[in-house]
Amino acid sequence: MATHKLLLLPGDGIGPEVMAEVVKVADWMGQEGIASFESETGLVGGAAYDAHGQAISGSDMKLAMDCDAVIFGAVGGPKWDAVPYDMRPEAGLLRLRKDLALFANLRPAICYPALADDSSLKRDIVEGLDIMIVRELTGGVYFGEPKEIIDLGNGQKRGIDTQVYDTYEIERIGRVAFELARKRGNKVTSSEKRNVMKSGVLWHEVITALHKREFADVKLDHMLADALGMQLVRWPKQFDVIVTDNLFGDMLSDVASMLTGSLGMLPSASLGEADPITGKRRAMYEPVHGSAPDIAGKGIANPIAMIASFGMALRYSFNLGDAADMVDKAIANVLDSGLRTADIKGASTSFVSTVEMGDAILAALRALKT
Ligand code: NAD
């Protein structure tokens with residue numbers, strides 16, 4: 001059995017608390033012979049700044065470049081508010097994304113039936129929801145040049161950001177979306193603003209050509225990004241895979257996240273280019289939530305987003321689809337049993353700790369294995 005090399009970067013705040021629950025799951029999978037992992041642990045964010053004066057050290061970056069998957073907790077917190085801009089905790093996350101060239105961000109929005117009443121939308125609109133937002137992560141308006149504020153000399157200033165996409169950037173993110181769709185509901189909705197943006201015209205053209213050339217078996221729709229935002233809250237179950245650029249993806253994935261209840265439930269994956277020989281991709285898996293300084297150290301954080309992120313690593317980095325399905329099913333079974341952490345307890349007065357939720361998911365995994 002292949003041994004998969006993990007780099008664990010727990011980070012700050014609740015990061016180490018939720019990461020400890022992933023370690024239990026990975027260890028159990030090793031003991032059961034489901035998968036074999038070799039892991040190292042590094043520092044990122046404020047923890048790395050305290051130790052090395054930078055948001056991630058060169059040696060931890062090297063480990064990240066050499067491993068099969070980075071499992072990332074969360075960074076940040078008020079303790080580091082006054083740290084110089086280039087060394088702030090988030091700089092560690094941005095460096096990882098940039099140096100590993102993680103251009104594809106995958107954010108599933110799944111609404112477990114047991115939590116449908118926690119959504120801000122009605123139960124019948126969100127119950128059983130399972131969509132995947134694929135966001136381009138390394139291009140577009142967040143990175144395009146020129147990017148500056150210039151003084152016009154007449155008492156006015158001008159702020160400039162540049163939205164720019166080249167054909168290859170659109171093709172490679174489109175390919176990720178179409179390939180994912182083939183393993184899910186076989187439908188892609190591509191989104192841009194071609195009615196007012198040239199980059200949107202090109203996006204539409206390139207996705208349409210790619211579809212015709214390589215993915216004609218997948219159903220493709222196009223939807224303007226503003227309309228898609230509206231449809232996401234009107235009837236989200238019409239979507240399977242949504243592919244969009246960095247800016248629209250940032251906003252639309254946050255909208256989608258609210259359909260599912262709590263931030264503590266949302267995993268994500270960021271993938272790099274596939275190696276032409278091995279097919280392997282650099283990859284990082286992380287919960288969508290931050291370091292939650294308001295609850296850090298209290299032992300009440302929800303570990304589900306972190307454990308589900310590890311589940312995505314099993315699926316997308318290690319080709320262990322059955323093990324990933326087992327993790328998802330264990331989470332669903334625990335929620336069905338009524339067990340809740342504080343963030344998803346709804347009107348109930350009782351809730352379990354981070355460790356108790358992790359233990360319950362482990363027990364559900366054991367039950368599924370036997
Ligand atoms: P946050 O996601 O940390 O917290 C928002 C709210 O959700 C808080 O009330 C928090 O208690 C709750 N919450 C988040 N995760 C939870 C979990 N697993 N279980 C239970 N409740 C949970 O966002 P924020 O408060 O805006 O930011 C806090 C810090 O985290 C900031 O320094 C911010 O920059 C950083 N941040 C980091 C990341 C990251 O590391 N990827 C992402 C977002 C924010």
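Colleague: In the lining of the largest cavity, how many residues are charged?
Modeller: This is a predicted model, and in it the largest cavity is lined by Arg107, Pro108, Ala109, Ile133, Ser253, Ala256, Ser257, Leu266 and Val288. By class, this lining divides into six nonpolar residues and two polar ones, and the number that are charged is one.

Colleague: Which elements give two or more residues to the lining of the largest cavity?
Modeller: The space in question amounts to about 40 Å³, and Arg107, Pro108, Ser253 and Ala256 are among the residues that line this cavity. The elements that give two or more residues to the lining of the largest cavity are β4 and α9.

Colleague: Which helix gives the most to the lining of the second largest cavity?
Modeller: The second largest cavity also holds about 40 Å³ of space, and its lining includes Gln163, Tyr165, Ser199, Gly200, Trp203 and Phe248. The residues of this lining divide into four nonpolar, three polar and three charged. With three residues, the helix that gives the most to the lining of the second largest cavity is α7, residues 198-214.

Colleague: Turning to the pockets, which element gives the most to the lining of the largest pocket?
Modeller: The largest pocket has a volume of about 1,000 Å³, and of the 37 residues that line it, Tyr285, Met312, Arg315, Tyr316 and Ser317 are the closest to its centre. Several elements each supply at least two residues of this lining, among them α3 (58-66), β5 (130-136), α6 (167-182), β12 (281-287) and α10 (304-316). The element that gives the most, with five residues, is α10.

Colleague: How many residues in the lining of the largest pocket are nonpolar?
Modeller: The lining of the largest pocket comprises 37 residues, which can be taken class by class. There are six polar and 12 charged residues in it, and the number that are nonpolar is 19.

Colleague: Which element gives the most to the lining of the second largest pocket?
Modeller: About 730 Å³ of space lies in the second largest pocket, and of the 25 residues that line it, the closest to its centre are Leu93, Leu94, Arg97, Arg135 and Leu137. Its lining divides into 10 nonpolar, eight polar and seven charged residues. At least two residues each come from β3 (69-74), α4 (89-99), β4, α9 (246-258) and β12, and the element that gives the most, with five residues, is α4.

Colleague: For the ligand, what distance separates one of its oxygen atoms from a polar backbone atom of glycine 290?
Modeller: Of the 22 residues around the ligand, those that come nearest are Val75, Glu90, Gly290, Ala292 and Asp294. An oxygen atom of the ligand is 2.9 Å from a polar backbone atom of valine 75, while a polar side-chain atom of histidine 289 lies 3.3 Å from a nitrogen atom of the ligand. For a polar backbone atom of glycine 290, the distance to an oxygen atom of the ligand is 2.7 Å.

Colleague: What percentage of the ligand's accessible area does the protein cover?
Modeller: On its own the ligand has 800 Å² of accessible area, and the share of this that the protein covers is 67%.

Colleague: Which elements each supply at least two residues of the shell around the ligand?
Modeller: The shell around the ligand divides into 11 nonpolar, seven polar and four charged residues, with Val75 and Glu90 among those that come nearest. The elements that each supply at least two residues of this shell are β3 and α4.

Terms used: Residues are numbered from 1 along each chain as its sequence is written. This is a predicted model: local features need pLDDT of at least 70, side-chain atom pairs count only at pLDDT 80 or more; totals for chains, interfaces and linings use all residues. Side-chain values use heavy atoms; hydrogens and water are left out. On a 1 Å grid over the protein atoms alone, a cavity is a set of points where a 1.4 Å probe fits but cannot get out, and a pocket is an open set with protein on both sides within 12 Å along at least five of seven lines; lining residues have an atom within 4 Å of a point. Grid points are joined across faces, edges and corners, and a volume is the space filled by probe spheres set on the points. Helices (H or I, at least four residues) and strands (E, at least two) are DSSP runs, numbered from the N terminus. Ala, Val, Leu, Ile, Met, Phe, Trp, Tyr, Cys and Pro count as nonpolar, Asp, Glu, Lys and Arg as charged, and the others, Gly among them, as polar. A residue is near a molecule or strand if one of its heavy atoms lies within 4 Å of it. A polar contact is a pair of N or O atoms within 3.5 Å; within protein, one must be able to donate a hydrogen and the other to accept it, and residues adjacent in sequence count only if both atoms are side-chain atoms. Accessible areas come from the Shrake-Rupley method with a 1.4 Å probe; for residues, only the protein chains shown count as cover.
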